[in-house]
Amino acid sequence: MNKILRSDCDAIVKASLDKVLPDTAVARALEAFHPGNGKTVLVAAGKAAWQMANAAVRVLGHVDAGIVVTKYDHVKGDIPGVECCEAGHPVPDDNSFAATRKALDLVDPLTADDTVIFLLSGGGSALFEQPLIPGEELQDITKQLLACGAPITEMNTIRKRLSAVKGGRFAECCDPARVFSIVLSDILGDPLDMIASGPAYPDSSTCEDALAIVEKYQLKLSDAAMELLHRETPKKLTNVTTQITGSVRELCAAAAAKAAELGYDPVILTDQLDCEAREAGRFLASILKTHAGEHRKLAYIAGGETVVHLTGKGLGGRNQELALAAAPAIAGLPGAAVFSFGSDGTDGPTDAAGGYVDSETMKALQDQGTDVFRVLQDNDAYHALKSVDGLILTGPTGTNVNDVALALLTE
């Protein structure tokens, strides 16, 4: 392993994440908040829910009641007046359903004088859920969509119609109370009705869209689920004010700034990366091969969210798979490295935020008898990268604004 490149990788990861923590963004958004004459309750859902709620209560001083629903191991302590719950992601579980039920019970008795501060971040589609079909079937449908590599917008188009809280329905449950919604975006282009499936935003997708997705992927749904896909979601909400804060653009800019500080010439290729993880890894590697030998320190940056098409039963995530896919192409290329990480600190069902490879990684894997192409076919990037110290480990970060991948070149 190239220790200098790995050190630069770790420095860029840390600096980038520090810049996109939601504390400042939430405080800034709350400058536009004016409490009503009644109660103020807080509901926070998503991977960044604890961090957002903690920041909000610190700014406001207190709330009359509140609930946080976030991913396992993402609660970092008590928040005054707020119950903190952990639940399943990316597949919802019984704790998702129970915590969401508590949120609905919290807002049900509210009046027109009351206000709900609704803090939303990526991951909310699984974490904030009250299904209109049996939980087991919803879990199965979610797994089907994940396995076929459906993009998040298509997944959410289906999930909205199977839920009592998605697609604007949570805002309807809060009525007549007003809802002040602060959204941390994890979807390219910041479509408010798609982030966490838009619990407090009018839905732009249609029943026809949902049925087309079922046909496209040949999803297996019960008659009851199919009937729900024919029920239209709310297209207008009058009790909601929305502030969007934080996005992958800020993450890319932060990565570029730190790379420049380390002496690289940074180039932001895109903040709209949307393709197969393996394709992205090979593409970044090809850029490094093009510019090798220019004797400049270059940093190519691509932000967004790739997808993984499951062909095996291994352990990994899209960022780890992206990095490992680059390893064969940069093998032996002096001063080259590719790494990718998720801003939430958890890549797929693993404890890693992402993966790192450089020009020495391929040989190290071959020396221990690892067939990289077979590993990729089995979607087992985690174990391969772990064996060569190629995992990026940050722990849960408290934010969630997509992923960023970098290709570094020093020679």
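A salt bridge is taken here as a side-chain nitrogen of Lys or Arg within 4 Å of a carboxyl oxygen of Asp or Glu. By that criterion, a search of the whole structure finds 23 salt bridges. The model is predicted, so local features need pLDDT of at least 70 and side-chain atom pairs count only at pLDDT 80 or more, whereas totals for chains, interfaces and linings use all residues. Residues are numbered from 1 along each chain as its sequence is written, and side-chain values use heavy atoms, with hydrogens and water left out.

One of these salt bridges joins Asp-18 to Lys-14, with the closest N and O atoms 3.0 Å apart. Both residues lie in helix H1 (residues 3-19), 4 residues apart, which is about one turn of the helix; helices (H or I, at least four residues) and strands (E, at least two) are DSSP runs, numbered from the N terminus.

Turning to the sheet, 6 strands form an open arrangement in the order E7-E8-E12-E9-E10-E11, with mixed pairing, where two strands pair if DSSP finds at least two bridges between them. Because strand E7 (265-273) and strand E11 (391-392) stand at the edges with a single partner strand each, one side of each is left without a neighbour in the sheet. Strand E9 (residues 336-342) runs antiparallel to strand E12 (residues 403-409), and 7 bridges join them; Ala-336 stands opposite Leu-409 in E12.

The second largest pocket has a lining that includes Lys-71, Asp-73 and Asp-351, and the lining residues divide into 2 nonpolar (Ala, Val, Leu, Ile, Met, Phe, Trp, Tyr, Cys and Pro), 7 polar (the others, Gly among them) and 3 charged (Asp, Glu, Lys and Arg). For this analysis, on a 1 Å grid over the protein atoms alone, a pocket is an open set of points where a 1.4 Å probe fits, with protein on both sides within 12 Å along at least five of seven lines, and lining residues have an atom within 4 Å of a point.
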